[in-house]
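Q: I am new to protein structures and would like to learn how to read one. Could you walk me through it, feature by feature?

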Amino acid sequence: MGTPLAGSLHATVAAALTGPFGLSISQDLVVGGGFVIILLLLGLSAFFSSSEIAMFSLPAHRVEALVEDSVVNADTLKDLKADPHRLLVTILVGNNLVNIAMSSIATGLLAIFLNQGQAVAVATFGVTALVLLFGESAPKSYAVENTESWALRISRPLKLAETVLLPVVILFDHLTRLVNEITGGRSAIETSYVTREEIRDIIETGEREGVLNEEERQMLQRTLRFNKTIAKEVMTPRLDMTAIAKTATIQEAIEECIQSGHARMPVYEGSLDNVIGIVHIRDLVRDLNYGENSEGLELDDLIEPTLHVPESKNVDELLREMRENRMHMVIVIDEFGTTEGLVTMEDLTEEIVGEILEGEEEEPIDYVDEDTVLVKGEVNIEEVNEALDIDLPEGEEFETIAGFIFNRAGRLVDKGELIEYDGVEIRVEQVENTRIMKARVHRIAEEHQDRPAENESEAEPGEAASE
């Protein structure tokens, strides 16, 4: 049995080797070191979470602008975003590794104080709360508010993480692509970061918020639909064309140009289905009055060649061809080679900037009130829909409001006839021969849409209604 002095010495040594938690010094160091590691891992979790938001919220055009301005780290940022799929895999691998490691270490540390079941439960809920608050919510909120600056700041560390994790990243990158191929899926991250529909929504939101005025909004919307428009939709139809016969004299051609109010006129040989070129009043007047051979001058000497394009020709391509060939007027033909109409450079310009009126020319769409417009028969249905925020359909056989009326009626119509379709009332206001010149389009208020229509045709668009 030991002496009292020995027992006292043993107690003193034991106390010296015991930490504040009642553990040995080695255990105390493990616990302290474990909590430090958890804090470091929590910081890495915040880093990867904020990286995901910052990197994929920053649009491509801003990255290009930063590179052009030689901003620090912009080149690294561009390099990372050049392969968005690999970038996402890097972030997800890094984030999952630190979160799992954090949970495992927390469970091991708590097992010192609690039994196994309690340690797992406390670690699961505790680490989840920490990650949600400090590893997800707060860092992502910061990244949303400081997208550009934060993306630049983290680009180099993220590039380093990609290098360190490269073997794992490559493995999961290939596995993810393989799964996508097997399931027929496609990573949306590899597609455009913005769609045409989203751009349209942004434009409309911009007008509502006062960033854009109505004219700017309309011009931007016309620009978006320009490359989906075909020649038939913008052409001056054959019935409205004014042309000069090849056999006409120079003086007769000048008079025709003056009477029609056009500087350029198509010239035909035999019939309008055989347009051989274009003449300009400037050339006619100059060569007739100031030319060296004005006495023997004939119209055929001043005819310039023109293009003949199908009615289905995309106007974007047409504009490019007209600019390359320096032509201001082309002839539109149908599948049988018959002249359908003509398209001028002004027609194409109006598709973007809106109608360019001359002299006493009337507005194609005249607003009577917020629910009613008076429109010309040749106005495109899409423009009417936009004017009243309605949804009249377009068919393969027609694009204009006059075509829609004829299609619904299934016959020629007279002035005053009424057509109703899906909450829209259309009244024929002016008819010349067989052509509908003007129509009044009225959007029926919702409370009156249930009343029976007097002259409504039951035929669907594209089908002739029975008389």
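The dialogue below goes through a sheet, its helices, the nonpolar cores and some salt bridges.

A: Happy to! Keep in mind from the start that this is a predicted model.

Q: Let's begin with the sheet. How many strands form the open sheet, and in what order?

A: To read a sheet, follow the order in which strands sit side by side. Here 5 strands form an open sheet, and the order is β8-β9-β12-β11-β10. The pairing is antiparallel.

Q: Which strands are the edge strands?

A: Look for strands that pair on one side only. In this sheet they are β8, residues 365-369, and β10, residues 418-421. From one strand to the next, the twist averages 20°.

Q: How many bridges join β8 to β9?

A: Zoom in on one pair of strands. β8 and β9 (residues 372-376) run antiparallel and are joined by 4 bridges. To see the pairing residue by residue, find Y367, which stands opposite V373 in β9.

Q: Which helices lie across these strands?

A: For a helix on a sheet, ask which strands lie under it and at what angle it runs. Helix α16, residues 381-388, lies across β8, β9 and β12 (435-443), and its angle to β8 is about 30°. Helix α17, residues 401-409, lies across β9, β10, β11 (424-432) and β12, at about 90° to β10.

Q: Now the inside. Why look for groups of nonpolar side chains?

A: Because in soluble globular proteins, nonpolar side chains tend to be buried together. In this model, the largest nonpolar core has 29 residues, and F48, M55, L77, M102 and L158 touch the most other members. Two or more residues come from each of α2 (25-57), α3 (60-68), α4 (74-81), α5 (84-110), α6 (116-145) and α7 (147-164). The most come from α2, which gives 7 residues.

Q: How many salt bridges does a search of the whole structure find?

A: The search finds 21. For each one, check the partners, the distance between them and where they sit. Take K159 and E162: their closest N and O atoms are 3.3 Å apart. Both lie in helix α7, and because they are 3 residues apart there, about one helical turn separates them. K159 is partly exposed, at 26% relative accessibility, whereas E162 is buried, with 11%.

Q: Which parts does the salt bridge between E382 and R225 tie together?

A: E382 and R225 have their closest N and O atoms 3.9 Å apart. E382 lies in helix α16 and R225 in helix α10 (residues 214-226), so the pair ties together parts that are 157 residues apart in sequence. E382 is partly exposed, with a relative accessible area of 34%, and R225 is buried, with 14%.

Notes:
Residues numbered from 1 in each chain as written. Predicted model: local features only at pLDDT ≥ 70, side-chain atom pairs only at ≥ 80, totals over all residues. Heavy atoms only, no water. Pairing = 2+ DSSP bridges. Axes fitted to C-alpha atoms, helices over the stretch in contact; angles between N-to-C directions. Contact = heavy atoms within 4.5 Å. Core = buried A, V, L, I, M, F, W, Y, C linked by side-chain atoms within 4.5 Å. Buried < 20%, exposed > 50% of the residue type's maximum accessible area, 1.4 Å probe, protein only. Salt bridge = Lys/Arg side-chain N within 4 Å of Asp/Glu carboxyl O.
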